[in-house]
There are 2 protein chains.
Amino acid sequence: MAQRTPRIHAVDLIRKTRDREALTADEIAFLVRGSVQSGTEDGIPLEQLAAWLMAVFHNGLIPEELAALTTAMRYSGEHFDARDLGKRSVDKHSTGGVGDKTSLIVAPIAAAAGLLDPMISGRALGHTGGTLDKLESIPGFRTDLSLAEMRRVLERTGACLVGQTASLVPADRTLYALRDRTATVESPYLICASILSKKLAAGLDGLVLDVKTGSGAFLRDPEAARFLATLMVETGTRAGTRTVALLTDMSQPLGATAGNWLEVAECCALLQGRASIAPNDDLLELSLELAAWMLLLGNTDADLPAARKRAEHLLASGAAWESFQAIVAAQGGDIRALDQSLNQSFGKSFEGAGGPGISRHTPVAEAVFRAPASGYLAHLDTTAIGWAVQRLGAGRVRAGEAVDPHAGIVRHARLGDEVTEGQPLFTLYATNAPLLAEPLRLFERAVDIQPESIAPPALIGEVIKVEQR
Amino acid sequence: MAQRTPRIHAVDLIRKTRDREALTADEIAFLVRGSVQSGTEDGIPLEQLAAWLMAVFHNGLIPEELAALTTAMRYSGEHFDARDLGKRSVDKHSTGGVGDKTSLIVAPIAAAAGLLDPMISGRALGHTGGTLDKLESIPGFRTDLSLAEMRRVLERTGACLVGQTASLVPADRTLYALRDRTATVESPYLICASILSKKLAAGLDGLVLDVKTGSGAFLRDPEAARFLATLMVETGTRAGTRTVALLTDMSQPLGATAGNWLEVAECCALLQGRASIAPNDDLLELSLELAAWMLLLGNTDADLPAARKRAEHLLASGAAWESFQAIVAAQGGDIRALDQSLNQSFGKSFEGAGGPGISRHTPVAEAVFRAPASGYLAHLDTTAIGWAVQRLGAGRVRAGEAVDPHAGIVRHARLGDEVTEGQPLFTLYATNAPLLAEPLRLFERAVDIQPESIAPPALIGEVIKVEQR
């Protein structure tokens, strides 16, 4: 005789979370299923989901609940599985920052190492850039691949860089939109489930999380960042994906550029081993360290130093550059555009640049932000700098808006540098001069020069992982 | 030049409450207006209201916020104002219990004292009875009066006992239904605003709150009851209504009966000064004390002892009984039904009763619950007894269901009484025998007899009021 299943009522589950009683995996799956079907007769009304989200905001979730939430969301729609391709799948995720373009470097390295990287990325929103917008500045590049197209690109090149499809993790779409309207976005538990459900839906053996702290990060407080990182590492590991998190510094833009095509061009130069327009050792270092962890989780090497050596070799040998070109070509991008950019004077002083090599159409306006005093570059409000980049045209105020592929900034100095009054610190590019005014004012408030020298923060801080048992 | 009003966004208000930042009165009025219009373009979506309610559940409200919420809800629709009748308006509200029928006694006393009591009451839900259901057991009695009809009854009789109209406090209807679905019913702040907005919408000079504690109360914990009482007294006083709260005992049914017509009959006996079917000094004492406070707040007397003396006199003289009959008649009730009940053997042993005097049609089934042992009646689970009464047919499982006017119980013993095995403790009445089975089982679990004598809890505990400044 079949056992009778007691009917679950959403209000009882809200009450449990409200009162810090743990929900079972079945109860959480009921909520997630109900969120996908919200608005239909089988769904849970948005107001009940909203109350539950606010209860989670206040009371959090225990690890078992968080794992169950992540898993239920992960499988709430279609999901990707490339295990039959016979390679290990790894990926990297960053919590977002300004000039953060490591995805374009680590995915080709992972592919060149014989791993798969089915990378599903996001768009620019708020003060941070988005990988999809950067890639779409390459003529012809398509990010809206179906799961079948993803698989073909992966099979051919070892990596793909795509956007979320409508069928992937639909629960996150409902819940994210609801969090946005109900002031529950900032819950680390809900952030963790949102990020990991989407990442794990790609079917990963290993995942490296780049959790940013500092003035340009969403979580500026290092304790909050460490807490989120720990939640994600524990939850990813529970879900059967080897997961590590690196706490990294976002108190200044990463690398020499911020802006869509500018960042692609910077990555092409780095992948080709060419000199950059401005010092970008930070981008190189972080990319290699993230790639090394990806390779280690992908079992290419016995330890981190060996994996790091392999990543360095794949970059220096041009193998990663070959991989990048193959990925761009497989996703419909015109690789001649990449060459074109590199044929130009992409080196030395970028000031006054803006020729055809920098963007597909010429930015007609530029401005230089100069050091307002002599001293040491002590502090940058990197969130304000991110907003300046977006206001130049590189980002969007509302989801769905078009972005300007060539707007952006080039950075000429780093935190801790000694600077002289009048020295160029940043060059700004936009399609017309009026667009430069507000970003320049943002820079005035964002840059702080002090007479005393300061030690810049370490690029890579703590590594958070679950010890093997 | 007109000053620009910054547009208020609901999500920002949710965030403030979430982060324990106080909302302004304007911001709270925005939420309340938005709740009334929810579902329209000018309204606030239910999911945002739900998230706000859950944030209030966790973080509470400061006194200024609670007063603003109560006031905004009070004026969210039509409201009642009888100031032009030239009398002071007073009322009493109870948080609900089993056998709690004091409304039927205190309203006639207040009216007989020359005050107005525009009493807006509720229906049975859960384990507690509802004043409207009790009154509707009188043939012809109408509780669905319009504000204009209310005014006419008040003008003629000094009191009315009616249900909430659709136009009165519409914000509470939206918010209460939402709280019910989102597990935010139990917040003392939201309970306070819900109760007081409805009570104050009747335009009161004075309000006496009967806040129950003990096994049959919604708030069994005395600390929780005291907290709610204090919130309500402070909030009522801020709103300009003299407000006091009495913490009273609900660890046993109040008076001799529970059930709709049984309670009306018990009140008629008490108002006529006739012997009851079982000792009900508790009902008499609490009714007189509540009435005395109503009179005092209505300025009929200089102090509480004088007001108490007046209340006793109005009851003993038959003036309150005259008032009650006038109210029943003015609201369409057949006062001959009241007499009919009283012409019967409503005294001595009620066991075996059930004739035409007890109900308008005869309950055909009854059962006696007898003491399972000799000893002292030490504890009653009065919530379970309330459920037993409802399951006999006196209450409803879902809003809108019909109730049986004659189902109910008569109590033959009080907490602390010495009882002998087999002695009748309760008599149960229903329309048919099968309806008696579950309630009898509930009684088995609800009654606890111990060998040692116990002191019953005091009927009236603390009085909570704001000292005059």
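1. On conventions: the model is predicted, local features need pLDDT of at least 70, side-chain atom pairs count only at pLDDT 80 or more, and totals for chains, interfaces and linings use all residues. Residues are numbered from 1 along each chain as its sequence is written.

2. Contact (heavy atoms within 4.5 Å) links 21 residues of chain B with 21 residues of chain A. 100% of the interface residues of chain B are also interface residues in chain A, so the copies meet through the same surface.

3. The buried area (accessible area, 1.4 Å probe, lost on being put together, summed over both parts) is about 1,800 Å². Carbon and sulfur atoms give 62% of that area. B:Arg18, B:Glu47 and B:His58 lose the most area in chain B, together 34% of what that side buries.

4. The rule finds 6 salt bridges across the interface (side-chain nitrogen of Lys or Arg within 4 Å of a carboxyl oxygen of Asp or Glu). One joins B:Arg181 to A:Glu47, at 2.8 Å, N to O. Helix H3 (46–59) of chain B gives the most to the side that touches chain A, with 10 residues. Helices are DSSP runs (H or I, at least four residues), numbered from the N terminus.

Technical notes
Chains lettered and ligands numbered in written order. Heavy atoms only, no water. Buried area = accessible area lost by both parts, 1.4 Å probe. Helix = DSSP H or I, 4+ residues; strand = E, 2+ residues; numbered from the N terminus.
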